[in-house]
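The sequence and the model are shown first, and the description follows.

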Amino acid sequence: MNIFKGQNLIEFAERFKTDEDCKQYLSELKWKKGYSCRKCGHKKCQIRKDFSRVCNICSSIESSGAHTLFHKVKFGLRKAFFICFEMATTTKSLSALQMSVRYGVQEKTARLFMHKVREAMKSSENNPIDGIVQVDEFVVGGHETSKQGRSYHSKKKKAVCAVELTNDGKVKRFYALKINDFSAKSLLKIFDKHISKKAEITTDQWKGYRPISKDYNIKQIPSKNGTNFKALHTMIASPVRAKLSGHQVKSWIRTTYSWVSDANIERYFNEFSFRINRSQSKNTIFNNLIKKMIQTNTITHKQIIGS
Ligand SMILES: [Zn+2]
């Protein structure tokens, strides 16, 4: 199939003129490896005008959006594709309110769909970061530089982040996770999910990392107010210097985290990491996202609100 490449909005609008264009695209991606009936397992089908498949044996019908995160999108696939395109290619995050105005959909509907997109953006955790890695924690409202200040019980929102650096100190990949406190147990989460055991990890001298160094290759160095963690700190504090080409990390994570509920913050981290970690493959980022939308099982409104 002819996958959509690039970030050009005019070309995108030309390619996806109707809902049918999007259904065709979805169906080609979804059944790329062939069709198999979900009911009886038969491999042969008829293709209907709307690109859904009808099983030749049991006549069960499967639409291109069924069993994907596009299932039952109320406002039409074309708008859904545009929202995906914007979320994949933007350098800032767009609010549900902005999306609702741009595409003429209800804000609540836009918010729900955008959460589904963030769900698709979640890391597979199959490619842990490796090589030169820095790990650090932060709170919204400022990095806690004083060790004594690293309160276990502070009400401030906390996160731990890990960054993989290139040999010349630039950010290659980035992950962040919400944590409830700075204990070793909480910090370990990001190691187990996102960091290779072979990685050469640097942290500051916080005691919470000590137990983790039994399983991971960790070097603890004085933070010196962040000067020893330049890439990570410039990334959190000043994305321009970190050469992230417009990723507004500070305004993004900090401001986002200040208004996003604790329950949803990891979805926003997913979105942020998805774009950073694919900044080398921007050309195929839209197709990549659609593939993930297809592979991810449908999630309900209740699951999104209740999580
Ligand atoms: Zn069948």
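In this predicted model, 11 of the 14 residues of helix 5 are buried, so helix 5 is largely enclosed by the rest of the structure. The buried residues are Thr 109, Ala 110, Leu 112, Phe 113, Met 114, His 115, Lys 116, Val 117, Arg 118, Glu 119 and Ala 120. Helix 5 covers residues 107-120 and reaches 20 Å from its first C-alpha to its last, close to the 20 Å expected at 1.5 Å a residue.

Helix 6, formed by residues 184-194, also has buried positions: Ala 184, Ser 186, Leu 187, Ile 190, Phe 191 and His 194. These buried residues pack against strand 4 (132-139), strand 5 (158-165), strand 6 (171-179), strand 7 (200-203) and strand 8 (218-220).

The model also holds a zinc ion, whose protein donors are the SG atoms of Cys 37, Cys 40, Cys 55 and Cys 58, lying 2.3 Å from the ion. Along the chain, the donors follow the spacing C-x2-C-x14-C-x2-C. The four donor atoms subtend angles of 103 to 118 degrees around the zinc ion, and the arrangement is therefore tetrahedral.

| Residue | Relative accessible area | Class |
|---|---|---|
| Cys 37 | 4% | buried |
| Cys 40 | 39% | partly exposed |

Buried means under 20% relative accessible area. Cys 37, at 4%, is therefore buried, whereas Cys 40, at 39%, counts as partly exposed.

How values were computed:
Residues are numbered from 1 along each chain as its sequence is written. This is a predicted model: local features need pLDDT of at least 70, side-chain atom pairs count only at pLDDT 80 or more; totals for chains, interfaces and linings use all residues. Side-chain values use heavy atoms; hydrogens and water are left out. Buried means under 20% relative accessible area, exposed over 50%, partly exposed in between (1.4 Å probe, protein chains only). Helices (H or I, at least four residues) and strands (E, at least two) are DSSP runs, numbered from the N terminus. Contact means heavy atoms within 4.5 Å. The expected span of a helix is 1.5 Å times one less than its number of residues. Donors are N, O and S atoms within 2.8 Å of the metal (3.2 Å for Na, K and Ca); water is not among the atoms, so sites may look incomplete. Four donors count as tetrahedral if all angles lie between 85 and 135 degrees; four count as square planar and six as octahedral if opposite donors are over 155 degrees apart and all others between 65 and 115; anything else is irregular.
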